[in-house]
Amino acid sequence: MNAKNVRYGKSSEFYLNVKNDFFNNNELYIKKQKEFAKVYKAQPPRLQCKNCDYKLSTDPDFTKDEIGYALCEKCGHLNGMHQDTQEFCDVVYTADDGKKYSENYTAKDIDEYNYRIATVYAPKAEFLYSSILGKHIKPTELSYLDLGCGSGHFVSALKKMGLSKSHGTEVSKSQIDFGNAMIEDEVLREHKLEDTKLTVRNSTAQVISMIGVLEHLDDPRAILKEIKDNDNILYCYLCIPTFSFSVFLEIFSKSIFHRQLSCAHTHLYTENSINHFCQEFGFEIDSEWWFGTDMVDLFRHICVSLDELNCSEKCKTLWRDSFSPIVDSLQLEMDKKKASSDVHLLLKKI
């Protein structure tokens, strides 16, 4: 990647102070992980790379939760060796109107909703705004569509930035209803899972965003092509997970919940696979922001392990007090090497 604007690092405050269910309810999340893995393993084998469609090796590079994973020999993408079928997507995203899947992403009240916006989504909105502003374009004059908007946190953050022509669309009815109630405006709408391509095709927005969405789509290549072919769309803003340190941690941590590569994450991007789809579909990487939660994952894995080993409170306190203050500085070093668990990209169509 040779982006003109590159950022590294971000505070882990939200994940350490609020997103602590992964610490406190490890057994519950392990159970969910196993349930999704069972459904995924029952799907037909994946024969082509999900990123470039090249033929995959039938021999896994590693196995986790009895699921094989293979790196594409052409683009370097990490693929789960089963298909994300319609059946699998229905189980993960739309069962019970999406209530089960939305549990991890729905705030309990307006205060938590706004805190999540301030700590997680406002920085993303600022990054998008400033990146576009640098192109001598007024971001306030553009229209925005957040595909897979969840409960509308990012749409709300965009509106707070003065980007009034911002809307979202989502397959989970429960999240749409909750988000519109929180925002106090009907700016989010529901679309059927099978209509995702049509939603992009018919969009009149000039900027389309997918925050943690592209990796969840059953056919991300088709969506990228729809964006390419839609003349209204000028920019695409992505946040996608990568094959990073966290995955290696998960390979040998069988009793700790796997956040990066499990459940709905069946494949992960690499720098090479990102460059490949940009070249194939005619995108230029305009801005990129690397930051991850690999060190939060390491911190969590050891916290949960100390509990399982019945270590004393003194020991557990020593670990928490000594490691939590250096999580961000350690993560920043990984981010600077583009080795973090996530990357944000502003792509310009060329």
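This is a chat about selected residues of a predicted model.

User: Where does Thr 119 sit, and is Thr 119 buried or exposed?
Analyst: Thr 119 is placed in helix H6, which covers residues 110–133, and with a relative accessibility of 15% Thr 119 counts as buried, because buried here means under 20% relative accessible area.

User: What does Thr 119 touch, leaving out residues up to four places away in sequence?
Analyst: With those set aside, Thr 119 touches Lys 10, Glu 13 and Phe 14.

User: Switching to Ser 255, where is that one found?
Analyst: Ser 255 is found in the loop between helix H11 (245–251) and strand E10 (267–268), and Ser 255 is partly exposed, its relative accessible area being 41%.

User: And which residues does Ser 255 touch beyond four places in sequence?
Analyst: The contacts of Ser 255 are Asn 26, Ile 30 and Glu 308; for Asn 26, which is 229 residues apart from Ser 255 along the chain, the C-alpha atoms of the two are separated by 8.5 Å.

User: What about the backbone of Asp 65 and Asn 310, what phi do they have?
Analyst: Asp 65 has a positive phi of about 55° although it is not a glycine, and Asn 310, also not a glycine, has a positive phi of about 55°. Most residues other than glycine have a negative phi.

Methods. Residues are numbered from 1 along each chain as its sequence is written. This is a predicted model: local features need pLDDT of at least 70, side-chain atom pairs count only at pLDDT 80 or more; totals for chains, interfaces and linings use all residues. Side-chain values use heavy atoms; hydrogens and water are left out. Helices (H or I, at least four residues) and strands (E, at least two) are DSSP runs, numbered from the N terminus. Buried means under 20% relative accessible area, exposed over 50%, partly exposed in between (1.4 Å probe, protein chains only). Contact means heavy atoms within 4.5 Å.
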